[in-house]
Amino acid sequence: ESAETVVVPSGSCAAMVKTEYPQLFPPEDPWHARALALAAKTFELSDLLVNQLGVLDVGAKFAGRVAYHYACHLRMLGQTNEVQQLVAHIAGATYVPLERQDQCCGFGGSFAVRYPQISGAMVDDKMACVLATAADVLISTDAGCLMNIGGRLHRERHTIEVLHLAELLERR
């Protein structure tokens, strides 16, 4: 509560805190106001950098092709192109568009466990789109997506590097 700003690296976590958490408490519950206060100062990393701080260039360097998987929960947060703006300012990086970039990768938390055939088909389609870019690295802002897509790429013995946006932004 005493923090000025709360930054989370995951769109799904940010969406939970910003949109779902306040709904867990009825308006008359004292925790409702606390949840709203927390939601107001919580930001997903790319949102904080681009929309709140106006920072596009963090001094990152990466000589290679970068594809981006747009995690579903960023839509819930109203985010659109924050990650692409950051990648555009990484020295040496070339952004390569990912076909169906905003299509779900099939993870969805327990969805992948409850519906493995559907989830598997979805991640196979996402993997094909990633491979078609000939990217050196795939980035996203959601650990679940990265685990799902990266796991499938690894099992199929593809060598594309899979990183969280923060990992790419820290490269020098």
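Modeller: Buried means under 20% relative accessible area. This is a predicted model. Arg152 has a relative accessible area of 17%, so Arg152 is buried.

Colleague: Which residue meets the side chain of Arg152 in a salt bridge?

Modeller: A salt bridge needs a side-chain nitrogen of Lys or Arg within 4 Å of a carboxyl oxygen of Asp or Glu. Here the partner of Arg152 is Asp124, at 2.8 Å from N to O. Arg152 sits in helix α8 and Asp124 in helix α7, so the pair ties together parts 28 residues apart in sequence. Asp124 is partly exposed, at 34% relative accessibility.

Colleague: At what angle do α7 and α8 pack?

Modeller: The angle is about 75°, and the axes are 10 Å apart. The two helices are therefore roughly perpendicular to each other. On the α7 side the contact includes Asp124, Lys126 and Met127. On the α8 side, Ile149 and Arg152 are among the residues involved.

Colleague: Lys126 is on that list. Is Lys126 buried or exposed?

Modeller: Buried, and without a salt bridge. The nearest side chain of opposite charge is Asp102, 6.5 Å away. A salt bridge requires the atoms to be within 4 Å.

Colleague: Which backbone oxygen does the Lys126 side chain reach?

Modeller: That of Gln101, at 3.2 Å. Look at the surroundings too. Beyond its neighbours within four places in sequence, Lys126 is in contact with residues including His69, Leu98, Cys104, Cys105 and Ile149.

Colleague: How many salt bridges are there by this rule?

Modeller: The count comes to six. One of them joins Glu1 and Arg34, with the closest N and O atoms 2.5 Å apart. Glu1 lies in the segment before β1 and Arg34 in helix α2, so this pair ties together parts 33 residues apart in sequence. Glu1 is exposed, at 72% relative accessibility. Arg34 is partly exposed, at 35%.

Colleague: Which residues do salt bridges with shared partners join into one network?

Modeller: Glu99, Arg100 and Asp125. Take the link between Arg100 and Asp125: the closest N and O atoms are 2.7 Å apart. Arg100 is in the loop between β4 and α6, and Asp125 is in helix α7, 25 residues apart. Arg100 counts as partly exposed at 32% relative accessibility. Asp125 is also partly exposed, at 26%.

Colleague: Where is Arg171 placed?

Modeller: In the segment after α9. Arg171 is partly exposed, at 24% relative accessibility. Beyond its neighbours within four places in sequence, its contacts include Lys61, Phe62 and Glu161.

How values were computed: Residues numbered from 1 in each chain as written. Predicted model: local features only at pLDDT ≥ 70, side-chain atom pairs only at ≥ 80, totals over all residues. Heavy atoms only, no water. Buried < 20%, exposed > 50% of the residue type's maximum accessible area, 1.4 Å probe, protein only. Lys, Arg positive; Asp, Glu negative; His and termini not counted. Polar contact = N/O pair within 3.5 Å; in protein donor to acceptor, adjacent residues only side chain to side chain. Contact = heavy atoms within 4.5 Å. Axes fitted to C-alpha atoms, helices over the stretch in contact; angles between N-to-C directions. Helix = DSSP H or I, 4+ residues; strand = E, 2+ residues; numbered from the N terminus. Parallel < 35°, antiparallel > 145°, perpendicular 65-115°, else oblique.
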